[in-house]
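Open your viewer, keep the selection panel handy, and follow along stop by stop.

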Amino acid sequence: MTTITANDPANDWDLLITDANIATMDCSIAAPYGAIENAALAIKDSHIAWLGKQTDLPPFDALATPIISAKGQWLTPGLIDCHTHLVFAGSRAEEFEQRLQGVSYEQIAAQGGGIASTVTATRAADHEALFVLAKDRLNALYAEGVSTVEIKSGYGLDCENEVKILEVARLLGENHPIDIKTTFLGAHALPLEYKGRSDEYIDLVCNDMLEQVVAGNLADAVDVFCENVGFSNEQTRRVFNAAKKHNLPVKCHAEQLSNQQGAQLVAEFNGLSADHIEHLDEAGVKAMAAAGTVAVLLPGAFYFLRETKQPPIELLKQYQVPIAISTDFNPGTSPLCSLQLMMNMGCTLFRLTPQETLAGVTRNAAKALGLTDRGVLKVGMRADIAHWQISHPAQLSYQFGVNKLLNLWILGICI
């Protein structure tokens, strides 16, 4: 252990973490995981003020600076869950049981199940009920080292309830340590009252809904489910054009069940991400690469739906498309509120490496949200830092069910 005796008020840090191994995830560092071993990290004003080899520590005020020893354990960026549907009411466990007994999704939908059942329950719930349910889910993610979460609307499907969901998401951001980013997903599914009138519903999304969302400053981005059971490529374009008028970035549920060229469309709009993408083709991959659009893989939905067609992982790597991983936490197709489980599934189901999965829930997940101030540990970035009781970063993808999180700092505060 290096003895710290320096005393210089020029480096008046709020906290110094010593005796650490740091997986910075910084691509400019050649080592795997951007690792710096036998290192230290300093925090000042909620951001990283210094990091490097502990033997290279500059002078600082050793008497006034709180110092914590990481005891040789690992630090990583706080994890980022960049695709969730966290605010909803109701459960679809009975539908899960029905499907296992051979009842088709079409039969369940005809009985008022599927997304319609979640919409009904969410519309009936007030702000407080939705807040309490979502806070419990956020707590589960926080306990696993997650410091940033994206929350989509999409279970209201009318003006009042889409706004309600986003208001709850904003309230969560104001009352929970996790930083919340919100996405307007009014074009998630066609509500029953608009059956056979999808173009009219898209009119509602592009006009009344989006205008209310913008007026309330409730969304950081706009998403569309572009799919043969969702909305067409042309309808998706209409929503993206409306978002563009309000200077909101776009993303897309794309190529999950079929190839509707949603990824190419979102790339055309310089969108943040194309998500799911099991049926993505090479043209879509090339378009995403040219636009810098992130590929968000959702292994939980792939697993839960027992899909067999995998995303084109090798093409994504060939064209150097950034790959993020997320929970897609939702009641119907991925009721799995664990980002660490998604890391394991990214390796076991999609054959990613542990280094690629950690990048997928840190720097690439940040890029999928348009965030440049987190996802990597380096000077000037937010002090969102997870401290793990592990001997190697690969353990975060290797093992599930035994939580190795020791501490989580968000903006330099450990709660």
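Contact here means heavy atoms within 4.5 Å. With that in mind, colour the chain by its two parts: domain 1 (15-78 + 376-414) and domain 2 (82-369), with bounds from an automatic or database domain assignment. Across the boundary, 22 residues of domain 1 are in contact with 24 residues of domain 2. The model is a predicted one, in which local features need pLDDT of at least 70 and side-chain atom pairs pLDDT 80 or more, while totals for chains, interfaces and linings use all residues. Numbering runs from 1 along each chain as its sequence is written, and side-chain values use heavy atoms, without hydrogens and water.

**Stop 1: the domain boundary**

The two domains bury about 1900 Å² between them, 61% of it on carbon and sulfur atoms; buried area is the accessible area (1.4 Å probe) lost by two parts on being put together, summed over both. Now select Met25, Ser397 and Phe400: they supply 31% of the area that domain 1 buries against domain 2, more than any other three residues.

**Stop 2: the annotated site**

Next, select His83, His85, His253 and Asp328, which UniProt lists under "binding site" in an unreviewed entry. Such annotations may be inferred rather than shown by experiment. Although these residues span 246 residues in sequence, no two of their C-alpha atoms are more than 12.3 Å apart, so they gather at one spot.

**Stop 3: His253**

Zoom in on His253, in strand β10 (residues 250-254); strands are DSSP runs of E, at least two residues, numbered from the N terminus. Is His253 buried or exposed? His253 is buried, with a relative accessible area of 4%, where buried means under 20%, exposed over 50% and partly exposed in between (1.4 Å probe, protein chains only). Beyond neighbours within four places in sequence, its contacts include His83, His85, Asp223 and His276.

**Stop 4: Asp328**

Move to Asp328, in the loop between β13 (323-325) and α12 (339-348). Asp328 is buried too, at 2% relative accessible area. Leaving aside neighbours within four places in sequence, Asp328 is in contact with residues including His83, His85 and His276.

**Stop 5: two backbone angles**

Most residues other than glycine have a negative phi. Select Asp19 in strand β1 (residues 15-23): its phi is positive, near 55°, and the residue is buried at 15% relative accessible area. Finish at Gln261, in the loop between β10 and α8 (262-268), where phi is about 60° and the residue is partly exposed at 35%.

Notes. Helices (H or I, at least four residues) and strands (E, at least two) are DSSP runs, numbered from the N terminus.
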